[in-house]
Amino acid sequence: MRHLLAPSILSADFNNLSKDIQLINESEADWFHVDVMDGVFVPNISFGFPILKHVKKISQKPLDVHLMIVNPERYIEEFAKAGADVITVHYEACVHLHRILQSIRSLGIKAGVAINPATPVSVLEDVLNDADLFLVMSVNPGFGGQKFIPRTIDKIRQLRIDLDEAGSKAVIEVDGGVDATNYKSVIDAGADVIVAGSAVFNMPEPREAIKNLKA
Ligand code: DX5
Ligand code: ZN
């Protein structure tokens, strides 16, 4: 599969969010990555439904919603209504992971599972065929602009093997600290979807940055 690039709007200019969304619309990017943080699961609070609905109104690409919140099962339906195309929950935040994946899929949305840097890929063994996307965090979730954790590369490789062995068609997404210096190694390891915040929005010409990363 050709890889997909998902710019994270966490790093966009909130004084002019519509302009940055328009810019992504016109770019070669594939998805919008939307980071929702509750200040409990992660030590930061980002944004919720009002912003998501605004993004949905003007975005022309699928919305990839990454929930860094506790008890995500409480909000799945509302995120679906707000326009999410993919909903990813954290393994570490779900007591009944299998149930929540089923309920996301029952809404006709793609279901994703994210794992933190300290969580081994092996915990996913029993849900490899129950999600459409597996997100390997390459920084500790909570903030944009952090440094990529190199050990992630081995985790992506292992997950690719595990998915192939299980006959799963799910995609692997990588999130955090990805830039021009490590982009290729992440893809070579087996990633299908690359999230990039700073490497897109902190650049003078985000559209060019997207083009260069994808090339
Ligand atoms: C981190 C978020 C990431 C973040 C990526 O908690 O999940 O999506 O916005 O930003 P960069 O690419 O700057 O690390
Ligand atoms: Zn994210």
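These legends accompany close-up views of a predicted model.

**View 1. Ligand 1 in its pocket.** Welcome to the largest pocket, which is where ligand 1 sits. Strands E2 (32-37), E3 (63-68) and E8 (193-196) are the elements that each give two or more residues to the shell around the ligand. Strand E2 provides the largest share, with 3 residues.

**View 2. The shell around ligand 1.** Here we look at the 20 residues that surround ligand 1. The closest of them are Asp 35, Gly 142, Asp 175, Gly 177 and Ser 198. By residue class, the shell splits into 10 polar, 8 nonpolar and 2 charged residues.

**View 3. Polar atoms facing ligand 1.** In the side chain of Asp 35, an N or O atom is 2.7 Å from an oxygen atom of ligand 1. For the side chain of Asp 175, the corresponding distance from a ligand oxygen atom to an N or O atom is 2.6 Å. Gly 145 takes part through its backbone, where a polar atom is 2.8 Å from an oxygen atom of ligand 1. Of the 380 Å² that ligand 1 exposes when taken alone, the protein buries 99%.

View 4. Asn 116 lies between strand E5 (110-115) and strand E6 (133-137), in the loop that links them. Asn 116 counts as buried because its relative accessibility is 14%, and buried means under 20%. Its side chain makes a polar contact with the side chain of His 90, at 3.5 Å.

Notes. Residues numbered from 1 in each chain as written. Chains lettered and ligands numbered in written order. Predicted model: local features only at pLDDT ≥ 70, side-chain atom pairs only at ≥ 80, totals over all residues. Heavy atoms only, no water. Near = heavy atom within 4 Å. Polar contact = N/O pair within 3.5 Å; in protein donor to acceptor, adjacent residues only side chain to side chain. Areas by Shrake-Rupley, 256 points an atom, 1.4 Å probe, with all protein chains shown as cover. 1 Å grid on protein atoms, 1.4 Å probe; cavity = no way out; pocket = protein on both sides within 12 Å on 5 of 7 lines; lining within 4 Å. Sits in = over half its atoms within 2 Å of the grid points. Helix = DSSP H or I, 4+ residues; strand = E, 2+ residues; numbered from the N terminus. Nonpolar A, V, L, I, M, F, W, Y, C, P; charged D, E, K, R; others polar. Buried < 20%, exposed > 50% of the residue type's maximum accessible area, 1.4 Å probe, protein only.
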